[in-house]
Amino acid sequence: MIGIVIVNYNTWEKTTKCVESIQGTCILPYHIYIVDNCSTNDSYVKLKERYCENSCVSILKSSINGGYGFGLTHGSQKAV
């Protein structure tokens, strides 16, 4: 199985498009981990609502915005 980590910060619309692209093209088994990097808008809530019933997508919320690398590390730790 492939683990895919997407870091989101205030861009839930773009993140949704990214997930849709993956779902439409990936032929191998996968799981997507979206890390909301402490967004200041309602990105986390929107993503949770959108993917709450999708078993291939997990939404993680970071308590701090430690930057892109921090978000990737946070997501990859859950993917193991």
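I64 is in contact (heavy atoms within 4.5 Å) with N37, C38 and F70, leaving aside its neighbours within four places in sequence. You'll find I64 in the loop between β3 and α3 (68-79); helices (H or I, at least four residues) and strands (E, at least two) are DSSP runs, numbered from the N terminus. The model is predicted, so to speak of local features pLDDT has to be at least 70, and side-chain atom pairs count only at pLDDT 80 or more, while totals for chains, interfaces and linings use all residues. Residues are numbered from 1 along each chain as its sequence is written, and side-chain values use heavy atoms, with hydrogens and water left out.

**More on I64**
- With a relative accessible area of 45%, I64 is partly exposed (buried means under 20% relative accessible area, exposed over 50%, partly exposed in between, with a 1.4 Å probe and protein chains only).
- I64 and Y44 sit 20 residues apart along the chain, and 13 Å separates their C-alpha atoms.

**Overall layout**
- The protein has 3 helices and 3 strands, and from the N terminus on they run β-α-β-α-β-α.
- The protein has 80 residues and a radius of gyration of 12 Å, which agrees with the value near 12 Å for a compact globule of that length (taken over C-alpha atoms; the globule rule is 2.2 Å times the number of residues to the power 0.38).
- Along its principal axes, the C-alpha trace spans about 35 × 25 × 20 Å.
- Buried residues make up 32% of the 80 residues.
- Take the contacts with a separation of 6 or more: 76% of them are between residues 24 or more positions apart.
- The accessible surface comes to about 4,900 Å², and 55% of it belongs to carbon and sulfur atoms (Shrake-Rupley method with a 1.4 Å probe; for residues, only the protein chains shown count as cover).

**Strands and the crossover**
- Strand β2 (residues 30-36) and strand β3 (residues 57-61) run parallel, joined by 5 bridges (two strands pair if DSSP finds at least two bridges between them).
- Look across from V35 and you'll see L60 in β3.
- Together, β2, helix α2 (residues 43-51) and β3 form a right-handed β-α-β unit (right-handed if, with the strands pointing away from the viewer, the path from the first strand over the helix to the second runs clockwise).

**The nonpolar core**
- The largest nonpolar core has 11 residues: I4, I6, V19, I22, Y30, I32, I34, L47, Y51, V57 and I59 (such a core is a set of buried Ala, Val, Leu, Ile, Met, Phe, Trp, Tyr and Cys residues joined through side-chain atoms within 4.5 Å).
- At least two residues of this core come from each of β1 (2-8), α1 (12-25), β2, α2 and β3.
- With 3 residues, β2 gives the most to this core.
- Not counting residues up to four places away in sequence, V57 touches V19, Q23, H31, I32, I34 and Y51.
- T16, in helix α1, counts as buried at 5% relative accessibility.
- Again not counting residues up to four places away in sequence, T16 touches L47, R50 and Y51.

**Two loop residues with positive phi**
- Most residues other than glycine have a negative phi.
- N10 isn't a glycine, yet has a positive phi of about 60°; N10 lies in the loop between β1 and α1 and is partly exposed, with a relative accessible area of 23%.
- C38 isn't a glycine either, and has a positive phi of about 60°; C38 lies in the loop between β2 and α2 and is partly exposed at 28%.
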